[in-house]
Amino acid sequence: MKCIGNNESSDLLLHVRTIVLKKIKSLSHLLDESVLVEPLGVEEALGDPAPYKDFALQRGEEKLIEATLNGEKGQAFTSRPSRWRGTLEEVLLLPLNLEKNRAIFLATVNALGRHLGWDDHTIHCKDKAPDRCGRKMAEFISETLAPSAKVGVIGYQPAIIKHMAEVLGKERVKLCDLNPHNIGKDVFGVRVLDGDTALDEIARECRVCLITGSTLVNSTLDRILQTMDNRGVKPFIYGTTGAIPAKLLGIERLCFEAQ
């Protein structure tokens, strides 16, 4: 899902920050640790995921930024990439009303969580791995759903869409995105709906919903989760952006090939 530069903070992100500060309260020395954040090139981030050619990274609409803390790395997708250097304390004090700051914060939380063993798999998969992940995810969802139930996918990720359509059948997949470049397209037989207006439709028709972690960067996850909860839809976060935050928030995450 394209990050649209929403200049609103997120209650969920503020909650993540509160949880992080509580968990490291007895580890105050970490606050002085250096954090380096750098955008990655397409080859560094994704490799060659052929036959796919329209990942947001490949189209130049997003970048994957990588934070390094104590030798551990965490990542986050954003359309507002930046280079940044400072301390962990400075990261945790960043105002979260700016997308670039939210991305820096999330990448750093992923690196910190990996360092402290809260969870792992914070590095994006590359080359043929996204296709393998899409297949494994579709098989997992197929085993989770009743035979005629539908899955919602929030965020355009071609490997996931391809395999969901193949394994479940295109009529059982509801897809939305915020990027005008994607909205209205038929992708592997699945129409891309407008993420601003289609949430209620997806919540009404689907039993589970896959939600890209990029929704934490563009501050839309709060609304998405509330909409799904109102209809009793089971949410899953997918991707590396939400790796540690999903763990801290108690939301199940699917990411079968991340490192």
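Helices here are DSSP runs of H or I with at least four residues, strands are runs of E with at least two, and both are numbered from the N terminus. On that numbering, S219 falls in the loop between α9 (214-217) and α10 (221-230). The model is a predicted one. The points below take the sheet first, then the helix pair, then the local backbone features.

**Four-stranded sheet**

- Four strands form an open sheet in the order β3-β2-β1-β4, and the pairing is antiparallel.
- The edge positions belong to β3 and β4 (84-87); each has a single partner strand, so one side of each has no neighbour in the sheet.
- From one strand to the next, the twist averages 20°.
- Helix α5 (residues 99-116) packs on this sheet and touches β1, β2, β3 and β4. The direction of α5 makes about 150° with that of β3.

**Strand β2 and its partners**

- Strand β2 (residues 63-69) is largely enclosed by the rest of the structure, because five of its seven residues are buried. Buried means a relative accessible area under 20%.
- On one side, β2 runs antiparallel to strand β1 (residues 34-40), and six bridges join the two. Within this pairing, L36 has T68 of β2 as its bridge partner.
- β2 also pairs with strand β3 (residues 72-78), in the antiparallel sense and over seven bridges. Here I65 has A76 of β3 as its bridge partner, and L69 stands opposite E72 of β3.
- The hairpin of β2 and β3 has two residues between the strands, and N70 in this hairpin takes a positive phi near 50°.
- As a general point, side chains in a regular strand alternate between the two faces of the sheet.

**Helix pair α6 and α7**

- Two packed helices are described by the angle between their axes and the distance between the axes.
- For helix α6 (residues 129-144) and helix α7 (residues 158-168), the axes come within 8 Å and cross at roughly 40°.
- α6 and α7 are therefore oblique to each other; angles under 35 degrees would count as roughly parallel.
- The crossing of α6 and α7 is right-handed.
- On the α6 side, the contact is made by P130, D131, G134, R135, M137, A138, I141 and S142. On the α7 side, A159, I160, H163, M164, E166, V167 and L168 take part.
- Sorted by class, this contact of α6 with α7 has nine nonpolar, three polar and three charged residues.

**Backbone features in loops**

- A50 and P51 are joined by a cis peptide bond, with omega about 15°. P51 sits in the loop between α2 (42-46) and α3 (56-59).
- F188 is not a glycine, yet its phi is positive, near 55°. F188 is in the loop between β7 (186-187) and β8 (190-194).
- F188 counts as partly exposed because its relative accessibility is 39%, and that class lies between the limits of 20% and 50%.
- S219, also not a glycine, has a positive phi of about 60°.
- Is S219 buried or exposed? S219 is buried, because its relative accessible area is 12%.

Note on methods. Residues numbered from 1 in each chain as written. Predicted model: local features only at pLDDT ≥ 70, side-chain atom pairs only at ≥ 80, totals over all residues. Heavy atoms only, no water. Buried < 20%, exposed > 50% of the residue type's maximum accessible area, 1.4 Å probe, protein only. Axes fitted to C-alpha atoms, helices over the stretch in contact; angles between N-to-C directions. Parallel < 35°, antiparallel > 145°, perpendicular 65-115°, else oblique. Left-handed = near helix turned anticlockwise from the far one by under 90°. Contact = heavy atoms within 4.5 Å. Nonpolar A, V, L, I, M, F, W, Y, C, P; charged D, E, K, R; others polar. Pairing = 2+ DSSP bridges.
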